[in-house]
Amino acid sequence: MFADNRSKKIIILAHCLLNQNSISDGTADCPSQFREIIDLIMKNQIGILQLPCPEVMCLGLDRGDRQGGKRQVLEENTRIGNLMSEMVNQKLLRVKAEEVATLIQDYRSYGFRVIGVVGINRSPSCGIETTTKDNAEEKGKGVFMGLISEAFAKRAQNIMMIGVKTSEIKESVMKLKQFIHKEKDG
């Protein structure tokens, strides 16, 4: 099945890698998308699965405060992270995480290679290696990526995850190149 011209390779991206218009006020480093990352994925003929933006889903584009862009980034990220950790938002995000894990399970059942998940480090929702808590960037996953990891683990899906930063273009592109190469070798 699916013996046509498709690459049968998928990568899962945090929403804002493809749509910088969705991120919190005052934090956009790119006009529209993280082009260098997207170009690298396209060059390697990898299909893109764009995650929903958890913060827009739960808090709206203004993240529940039109003045958020006037705060320091880490302070605003902490405020957003605290809101994203509330039970009502956790419930919605858990449903979305389960949907993602189910979709990936379906792709894999048909022989598709899932390269992994690319999140945004420092994000209170989509951070992979780092997130924001107590007005500081610290090690750990953001709220949504943590729930996605749990959903993968529940299904015994071993999915690699990395985080990039739009403010660190060269480092992020190198990291993604290694990620793609690692998956090819693995």
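**Exercise 1. Work out how the span of helix 5 compares with the expected one.**

Start with the ends: helix 5 covers residues 87–109, 23 residues in total, and runs 33 Å from its first C-alpha to its last. (Helices here are DSSP runs of H or I with at least four residues, strands are E runs of at least two, and both are numbered from the N terminus.) Next, the expected span is 1.5 Å times one less than the number of residues. That gives an expected 33 Å, and the helix comes close to it. Just a heads-up: this is a predicted model, where local features need pLDDT of at least 70, side-chain atom pairs count only at pLDDT 80 or more, and totals for chains, interfaces and linings use all residues. Residues are numbered from 1 along each chain as its sequence is written, and side-chain values use heavy atoms, with hydrogens and water left out.

**Exercise 2. Find the buried residues of helix 5 and what covers them.**

Buried means under 20% relative accessible area, exposed means over 50%, and partly exposed is in between (1.4 Å probe, protein chains only). By that rule, the buried ones in helix 5 are Asn89, Gln90, Leu93, Ala97, Val100, Ala101 and Ile104. Now look around them: the cover includes strand 1 (9–13), strand 2 (47–50) and helix 6 (143–154). Past the end of helix 5 comes Gly111, with a positive phi near 85°.

**Exercise 3. Which residues of helix 2 are buried, and which are exposed on the other side?**

In helix 2 (residues 35–43), pick out Ile37, Ile38, Leu40 and Ile41 as buried. Looking down the axis, these buried residues fall within an arc of 160°, so they line one face of helix 2. (The arc is taken from the directions from the helix axis to the C-beta atoms.) On the other side, Arg35, Met42 and Lys43 are exposed.

**Exercise 4. List what Leu176 is in contact with, beyond its neighbours within four places in sequence.**

Contact means heavy atoms within 4.5 Å. The partners are Ile11, Ile37, Leu40, Ile41, Val118 and Ile162.
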